[in-house]
2 protein chains.
Amino acid sequence: MKEVLDYLEQHKEQHLEELKNFLHIPSVSTDSNHKGDVKKAAEFVAGYLTDAGFDTVEVQETKGHPLVYAEWMNAGSDAPTVLFYGHYDVQPPDPLDEWVSEPFQPEIRDGRLYARGSSDDKGQVFMHLVVLKAFLKTTGSLPINVKVCVEGEEEIGSANLYDILHEQKDKFEADFAVISDSGMVAKDQPTILYGLKGFTGLEFTLKGPDNDLHSGMYGGAIKNPAMAMAQLLATMKDEEEVVQVKGFYDKVEPLADEERQLMKESPSEDYKESTGAKEIVSEKGYTAKEHTMARPTLEINGLFSGYQGEGTKTIIPATATAKLTCRLVPGQEPEEIQDLLVDHLEKHVPKGVELSITREPLSAKAYKVDPDHPLIKKAAESFEETFNKEAVYVRMGGSIPVVEWIDAIYKMPIVLLGFGTPEDRLHSPNESFPVEHFYKGMQTLVHYWNKVKK
Amino acid sequence: MKEVLDYLEQHKEQHLEELKNFLHIPSVSTDSNHKGDVKKAAEFVAGYLTDAGFDTVEVQETKGHPLVYAEWMNAGSDAPTVLFYGHYDVQPPDPLDEWVSEPFQPEIRDGRLYARGSSDDKGQVFMHLVVLKAFLKTTGSLPINVKVCVEGEEEIGSANLYDILHEQKDKFEADFAVISDSGMVAKDQPTILYGLKGFTGLEFTLKGPDNDLHSGMYGGAIKNPAMAMAQLLATMKDEEEVVQVKGFYDKVEPLADEERQLMKESPSEDYKESTGAKEIVSEKGYTAKEHTMARPTLEINGLFSGYQGEGTKTIIPATATAKLTCRLVPGQEPEEIQDLLVDHLEKHVPKGVELSITREPLSAKAYKVDPDHPLIKKAAESFEETFNKEAVYVRMGGSIPVVEWIDAIYKMPIVLLGFGTPEDRLHSPNESFPVEHFYKGMQTLVHYWNKVKK
């Protein structure tokens, strides 16, 4: 292992220059003008793996942007096989004028590498490529069998990935998966992300009269759809932030004392400071941190009815519409929760308005891995040995669709090895990544591959 | 009186042609391209009154469009003086392509005169002009003293009228006022409109975080402003349509049994049929008709928060805004009710959001005249003698600012003599007025001026 770490140390500058070349390619997947660039980034990944010594390297065409698949299966049938997932496409850089340096002209300032994709996810993908190459160049082999899957459509919803994973199950089959597309709770703070929330949602409209009505002529005889909406929404959550939809919490796995302890020990975000909200709220019986990380939520994402211009328009609106999504935790089935929401709305819709519902077609189950799982423990140890600091264990309120898909299709454990920091400004101008995390992240990966071999 | 009625009968066709000439002038007050036309319409009114034999006729300039003032004060100091108010400006005719005949090319079809302004309000103003002329041409005098005030800014909020009435109080002073800018509950159904609602309102915003937030990262720690809005609005009205704002009903004059009987006897609108609402609602203890005509209401006119586009955007919105107006009844002071609304909001605002309120600057007190007042009884008799049908007594949920102003400044009784019908399509394409109401309305006015003389 020492020779691999030495190799990384000796080639530090070279690897940073190679990363800059990778980041220089504007692989913006949502912009058809960049179709050629997206392909160029795929070829960069494929070329790097070929140079590294991978047996099989494919740039697999899809209906959209290509997926890079590669494998090195010479660790022996006793050794485990890992599926590494990442993405080489990036978000658009707009608004351009807010960037201090050009988004695709990587530049280091104050120890951070500024460029679109430096953290999400080209920087983190590249760390894996370098580590795999370092093993092969120095030891001639990898500690375990490796399958690589780097897609080019993550930032546009991974439109083709589910079908590929589903239809080519044998190809991507492995013992566990590693994904590096997330972050640590703070710079230099080893972080084990062991749970993500799922989600489901719907949009619904309450219709009153056929058209907006004169509030003087009809006010008093017609149910106001905006008021009906307020009354209906108010039945869904109480003032202590407890969701009132019948059955909503029924299948929620209770939060074990050990987990609550883990969360308590994890660094706390100052929510007031970071959001500007005047006061922090939380579900009765749970801290705000527990609620965001590990308890299900119901949020109104959009709400509209009637006149929105300046001044007054004395109408009774014809309709009112709300968009709702729920973040789900292990135990909750998205479709079942969606059914419960529909039942609740149908049961509580006020007299005088007609309810119509559009179910959100996308949904995801929550994902959680046992924080005591050996693959997780080894990840924590790898982090700790490199960063010289005890790892914290967190769950996250967000969802990563590919995690849900790999879980659903392959039922394999998924290890989320993220090296980003809260300051990275993903999807925003001036995205960056700490240069130090680039080196320490690669060292962590060297430790990890060594630990997970049988 | 017979000679006046005969004169009207003999000059029927001539008067209709004159009305068409008046309607032919596109006096659209909101459109500066029509400034000259608006003035032309003012001059038409002034010219007609001069021809009729009025002593004083003025086209009084304002900061906007001119006001026509005229008086004939030769009925003697024993005779009462009436202030007649009307307006010669009209709404824009858009959308033009929905008109069957041109909006400013008056055309009679199926007994109705189609033209912008035929009902609101040039047609009704013209009936007054003709009747005054008929009296003067046939009898050489009028039964009472008459002051005429016909403005050109009603459709743009009567921007200058309040100041004029207030500053030139002596000029417009009278014993009572007559306004013909409203309608009957059905064609050929004599209608006494003896009450209008007042109104007040406000807009308020609930602010949570400084920006829209990721619902996964922050859902659970941050109060959702849209949910706070729903919870707050839901405290304002219960499910039986009773306003829950403390003190809201305290000063409402109770609805006398006689009034309820009057309303019961008035023709009922089929609200389901006319609005398309699935079900009719009403304040507990009152019929929908009583509620719209004579009980105060609180309506949400607009409501908005967060994402309104297609599909899903998983955010916690930064703010939520609602626009509210109340329709008020006699006893309620607009400013006091606005204060009560503010108090209610401040008291009930949920934890975690900040409330900011913009008070609606315009407000109006409700107006009601005693339905047994002799001036009202005489109006009912005049209607009944002409239409050969008993009059019905109604109150209306709408507000007419000039009524409130005349009431506030002069404290004189106001008689609303409206001849429109529910089918007139005011402010819409294909506005029209029944030709028969033009003749019968003028006969009603002849009866009325005769009855109100001392």
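Mentor: Happy to. The proline to find is P95(A), which sits in the loop between β3 (81-87) and β4 (107-109) of chain A. Please keep in mind that this is a predicted model. The bond that joins D94(A) to P95(A) is a cis peptide bond, and its omega is about -10°.

Stay in chain A for another cis bond, the one from D120(A) to D121(A), where omega is near 0°. D121(A) belongs to the loop between β5 (112-114) and α4 of chain A. Here is some background for both places: most residues other than glycine have a negative phi, and most peptide bonds are trans. The part about phi brings us to R425(A), a residue other than glycine whose phi is positive, near 55°. You will find R425(A) in the loop between β17 (414-416) and β18 (432-434) of chain A.

Now go back to D121(A), whose loop runs between β5 and α4 of chain A. Helix α4 of chain A covers residues 122-139, and helix α1 of that chain, residues 2-10, packs with it at an angle of about 120°, the two axes being 9 Å apart. That angle makes α1(A) oblique to α4(A). Their crossing is right-handed. On the α1(A) side, the residues in contact are E3(A), V4(A), Y7(A) and L8(A). They meet a set in α4(A) that includes V130(A), V131(A), K133(A) and F135(A). Sorted by class, this contact of α1(A) with α4(A) has seven nonpolar, two polar and three charged residues.

Let us turn to chain B and look at its own α1 and α4. In chain B, helix α1 (residues 2-10) and helix α4 (residues 122-139) pack at about 120°, with 9 Å between their axes. These helices, α1(B) and α4(B), are therefore oblique to each other. The crossing of α1(B) and α4(B) is right-handed. E3(B), V4(B), Y7(B) and L8(B) are the residues that α1(B) brings to the contact, and among their partners in α4(B) are V130(B), K133(B), A134(B) and F135(B). By class, α1(B) and α4(B) meet through six nonpolar, two polar and three charged residues.

Another helix pair in chain B is worth a stop. Helix α13 (residues 374-387) packs with helix α15 (residues 435-452) of chain B at an angle of about 135°, and their axes are 8 Å apart. This makes α13(B) oblique to α15(B). Among the residues that make the contact are L375(B), K378(B), F383(B) and F387(B) of α13(B), together with H437(B), K440(B), Y448(B) and V452(B) of α15(B). The residues in this contact of α13(B) with α15(B) comprise six nonpolar, six polar and five charged. The crossing of α13(B) and α15(B) is right-handed.

Finally, look at where the chains meet. How many residues does each chain bring to the contact? Chain B gives 75 residues and chain A gives 76. Between them, the chains bury about 5900 Å², with 55% of that area on carbon and sulfur atoms. On the chain B side, the residues that lose the most area to chain A are M227(B), N301(B) and L303(B), which together account for 10% of what that side buries. Two salt bridges are counted between chain B and chain A.

Note on methods. Residues are numbered from 1 along each chain as its sequence is written. Chains are lettered from A and ligands numbered from 1 in the order in which they are written. This is a predicted model: local features need pLDDT of at least 70, side-chain atom pairs count only at pLDDT 80 or more; totals for chains, interfaces and linings use all residues. Side-chain values use heavy atoms; hydrogens and water are left out. Axes are lines fitted to C-alpha atoms, for helices over the stretch in contact, and angles run from 0 to 180 degrees between N-to-C directions. Helices (H or I, at least four residues) and strands (E, at least two) are DSSP runs, numbered from the N terminus. Angles under 35 degrees count as roughly parallel, over 145 as roughly antiparallel, 65 to 115 as roughly perpendicular and the rest as oblique. A crossing is left-handed if the near helix is turned anticlockwise from the far one by less than a right angle, and right-handed if clockwise. Contact means heavy atoms within 4.5 Å. Ala, Val, Leu, Ile, Met, Phe, Trp, Tyr, Cys and Pro count as nonpolar, Asp, Glu, Lys and Arg as charged, and the others, Gly among them, as polar. Buried area is the accessible area (1.4 Å probe) that two parts lose on being put together, summed over both. A salt bridge is a side-chain nitrogen of Lys or Arg within 4 Å of a carboxyl oxygen of Asp or Glu.
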